[in-house]
Amino acid sequence: MKRTISGTTLVAGVAGSPVRHSLSPLIHNAWLEAAGIDGVYVTFRPDADRFDKFVDGLRGGAVRGVNVTLPFKEVALSIADEVSERADAAAAANLLLFETDGTVVADNTDGAGLIAAFAAQAKDFDIKAGPIAILGAGGAARGAAAALIAAGAPKVRIINRTLAKAEAVAGALGGAVEACPLSAAAGALAGVTAVINATSAGLSGEGTLDVPLELTPPEAVIMDMVYRPLITPFLAKAQGLGRPTVDGLEMLIRQAIPSFEAFFGRRPDETTDVRALAIAALEADA
Ligand code: ATR
């Protein structure tokens, strides 16, 4: 269906810096088009230190809402008037909604996206079956840990190069989360049901990540939040070991589903193959 911009077009988008390579416009606009919704999803690149001014400009609902990506997820939470429980637990927001009365509401769908990605790509995985290891202790790791605990994981091990940061996350999330230095990863990977890479290693300039995945149980699911490339060296190593894997693109798509619903009032039609579109875009961008 061909879309036109009308006098009643709903506007939503994604705010980040950089943001021009974001796959979110591709995903949301494909869903809008498939559903024939009078809406459009665009990118915004606020000034790094003026995100508050950007949000002030949108208060009142001219724009229905924005997804928030790096580096604004923490500041987005701090300037919202209302914060969902899951955004509070993650200490970050990936979704801001602008109500017509001027209220700014923060939510976080990243954790739900992570769990839905496991359900989609690792069907035998049981979140409640045993400890889960997370590599990294930044915002992405904290959000993942909070969501896994809320979904019933009995134990989450935060493994990080800088132990103090892992301890801070564990301290914030309570007794089911424990901290472990990267140098002791071998012990921490024993008996896990899953390993999630939430470090920025592999992103430009952040070096590589070397963890002994061979010490995980054979059925342990290996997940990487990084999706450029789709099969990261970390996932390639896991596949070489015969481990089931979950990729970061699936998490991106799965966090977009509740975001779309919040913006446009209905769930996207999941028969639209946004994954194929996104993979084609990643390949064209490589
Ligand atoms: P985000 O908010 O996306 O989670 P972040 O807060 O910058 O990003 O966190 C990045 C994480 O990746 C940190 O835990 C960092 O480890 P340190 O706390 O020791 O800095 C981790 N990280 C980055 N590069 C890494 C590398 N080459 N090896 C191991 N960990 C790495």
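Q: Hi! In β2, what is the bridge partner of Val14?
A: Thr43 is the partner of Val14 in β2. This is a predicted model, where local features need pLDDT of at least 70, side-chain atom pairs count only at pLDDT 80 or more, and totals for chains, interfaces and linings use all residues. Residues are numbered from 1 along each chain as its sequence is written, and side-chain values use heavy atoms, with hydrogens and water left out.

Q: In which sense do β1 and β2 pair?
A: Parallel: β1 (residues 10-15) and β2 share 6 bridges. Strands are DSSP runs of E with at least two residues, helices are runs of H or I with at least four, and both are numbered from the N terminus. Two strands pair if DSSP finds at least two bridges between them.

Q: What is the strand order in the open sheet?
A: The 6 strands run β2-β1-β3-β5-β6-β4, with mixed pairing. β2 (39-44) and β4 (82-83) are at the edges with a single partner strand each, so one side of each has no neighbour in the sheet.

Q: New topic: where is Thr109 found?
A: Thr109 is in the loop between β6 (104-107) and α5 (110-121).

Q: Is Thr109 buried or exposed?
A: Buried, with a relative accessible area of 0%. Buried means under 20%, exposed over 50%, and partly exposed in between, using a 1.4 Å probe and protein chains only.

Q: Which residues is Thr109 in contact with, leaving aside neighbours within four places in sequence?
A: Arg86, Asn94, Leu95, Gln255, Pro258 and Ser259. Contact means heavy atoms within 4.5 Å.
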